[in-house]
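Please brief me on this protein model.

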Amino acid sequence: MTGSGLRQFFLCARSLRRLPSDWDRSAEFSAFCERYEHELAEWLSAFAADLGNASAYCGKPKHVPELEDRVHEVFSRAGMDADFPRIEYRPALCLTHDVDYLRQTAQEVAKSMVARRRLPKLHGRKAYMESLRHLLEAEAACGARAAATIFVAGTTAYLRGWRGPVSWLLDPAYRLDGEEASWLLELFKEYGCEIGLHGSYHSSSDARSIANQLEALRAFHGAPVLSARQHWLRLADGAFGNLRACGIRTDSTLGWNNAAGFRCGMSRPFALALAGGGELAEVPMAVMDGAIFDSMKLDEDSALSLLCAILSEVQRRGGCVALDWHERSAVLGWSRVYEASLKWAASRGFRFLTVSEAATEYAGL
Ligand SMILES: [Zn+2]
């Protein structure tokens with residue numbers, strides 16, 4: 001196994017058990033890795049496969065964070081339960097919203113026709129911002145005011161000029177200096193949201209593009225931006241290193257476009273080992289509205305059952321994952337399941353954290 005692979009195992013283990021911060025440089029760690037070489041190699045292979053494929057599960061939910069369980073198994077077999085006990089937390093949720101549109105556009109109508117095979121209803125100019133307000137108000141009613149994280153595109157950096165058909169169709173194309181954007185800014189202030197970057201489809205392979213989009217968002221928001229989720233959950237090779245090099249400390253892109261559950265097999269935030277050294281905190285995104293309603297085509301009852309099954313695993317393990325409900329989800333009829341899952345989580349003692357708070361608490365970053 002490579003040094004960076006062992007480092008990744010250590011970083012995941014460090015978010016699960018009380019380990020010395022430099023344990024991976026100790027003789028004890030070397031002996032541990034030698035003794036459990038086979039188990040660690042299998043663990044890393046599964047972790048890397050999940051990391052590299054945003055569509056791997058294709059509609060099949062991954063209910064159990066099994067790589068987390070395998071970390072615990074190895075420590076137990078090594079007789080280290082007392083030396084390095086599990087870190088217990090009250091479970092937590094990060095309530096996140098990707099802002100793809102500030103109002104309906106021609107591109108969104110085209111995308112909806114592909115996804116749902118029918119012409120969508122037409123909505124007024126304020127409908128999507130009212131939908132976002134509805135979600136934030138539902139969160140506040142569950143005691144989660146000032147806990148939401150909203151990922152916004154730095155569109156000012158790329159809107160001028162032709163960016164190719166993929167970007168035209170898929171990327172957020174709203175202006176950050178229009179009236180809708182000022183409504184968005186008011187919502188951030190009213191509800192005390194954390195703002196993260198929603199990097200454009202092609203940005204993750206290009207550090208300069210990320211830097212430009214971050215600067216546009218920082219100028220719009222008037223404060224540093226330290227967290228990110230890539231649009232369409234697209235992560236090119238080197239994406240995490242590029243995000244970190246641009247000043248991002250926490251990512252929350254690791255989820256699926258067409259499934260739900262625990263990508264990378266973890267139910268709580270952990271640190272990603274970067275190829276060039278350094279770390280990036282990751283808050284796994286367990287359930288996204290479009291994945292369960294559009295791709296998996298679940299009805300409301302099945303969607304809520306799936307959410308409760310996944311959140312039960314999080315609760316049992318004292319974990320913390322992100323949910324992602326887009327700005328327009330109340331308009332699309334997807335907010336009732338969200339509200340019901342928030343009430344379910346609040347009644348079971350979940351805390352609500354921004355992604356930066358979760359990264360600091362769980363991944364120590
Ligand atoms: Zn998006």
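Gly-143 comes after helix 6 and has a positive phi, near 85°. The model is predicted: local features need pLDDT of at least 70, side-chain atom pairs count only at pLDDT 80 or more, and totals for chains, interfaces and linings use all residues. Residues are numbered from 1 along each chain as its sequence is written.

**Helix 6**
- Helix 6 covers residues 127-141, which makes 15 residues. Helices are DSSP runs of H or I with at least four residues, strands are runs of E with at least two, and both are numbered from the N terminus.
- From first to last C-alpha, helix 6 reaches 21 Å, close to the 21 Å expected at 1.5 Å a residue. The expected span is 1.5 Å times one less than the number of residues.
- Its buried residues are Tyr-128, Met-129, Ser-131, Leu-132, Leu-135, Leu-136, Ala-138 and Glu-139. A residue is buried if 20 or more other C-beta atoms lie within 10 Å of its own, exposed if 12 or fewer, and partly exposed in between, with C-beta atoms placed from the backbone.
- The cover over these buried residues includes strand 1 (92-99), strand 2 (148-152), helix 8 and helix 13 (335-347).

**Helix 3**
- Helix 3 (residues 37-51) has 15 residues and should span 21 Å at 1.5 Å a residue; its end C-alpha atoms are 21 Å apart, which agrees.
- Leu-40, Trp-43, Phe-47 and Asp-50 are buried in helix 3.
- Seen down the axis, the buried residues of helix 3 fall within an arc of 90°, so they line one face of the helix. The arc is that of the directions from the helix axis to the C-beta atoms.
- Exposed residues Glu-37, His-38, Ser-45 and Ala-49 sit on the face turned away from the buried side of helix 3.
- Helix 1 (3-16), helix 2 (27-35) and helix 4 (66-77) are among the elements that cover the buried residues of helix 3.

**Domains and their contact**
- The domain assignment gives domain 1 (3-77) and domain 2 (92-363). Such bounds come from an automatic or database assignment.
- The domain centres, taken over C-alpha atoms, are separated by 26 Å.
- On the domain 1 side, 24 residues are in contact with 30 residues of domain 2. Contact means that C-beta atoms, placed from the backbone, lie within 7 Å.
- Helix 1, helix 3 and helix 4 each supply at least two residues to the side of domain 1 that touches domain 2. Helix 1 gives the most, with six residues.

**Core**
- The largest nonpolar core has 108 residues, and Leu-93, Cys-94, Ala-260, Ala-286 and Ala-358 touch the most other members. A nonpolar core is a set of buried Ala, Val, Leu, Ile, Met, Phe, Trp, Tyr and Cys residues joined through C-beta atoms within 7 Å.
- Both domain 1 and domain 2 give residues to this core, so it lies between them.

**Gly-178**
- Gly-178 is in the loop between helix 7 (165-170) and helix 8 (179-191).
- Gly-178 counts as exposed because it has 12 C-beta neighbours inside 10 Å.

**Whole protein**
- The protein has 14 helices and 10 strands.
- Of its 365 residues, 46% count as buried.

Definitions and conventions:
Two residues are in contact if their C-beta atoms, placed from the backbone, lie within 7 Å.
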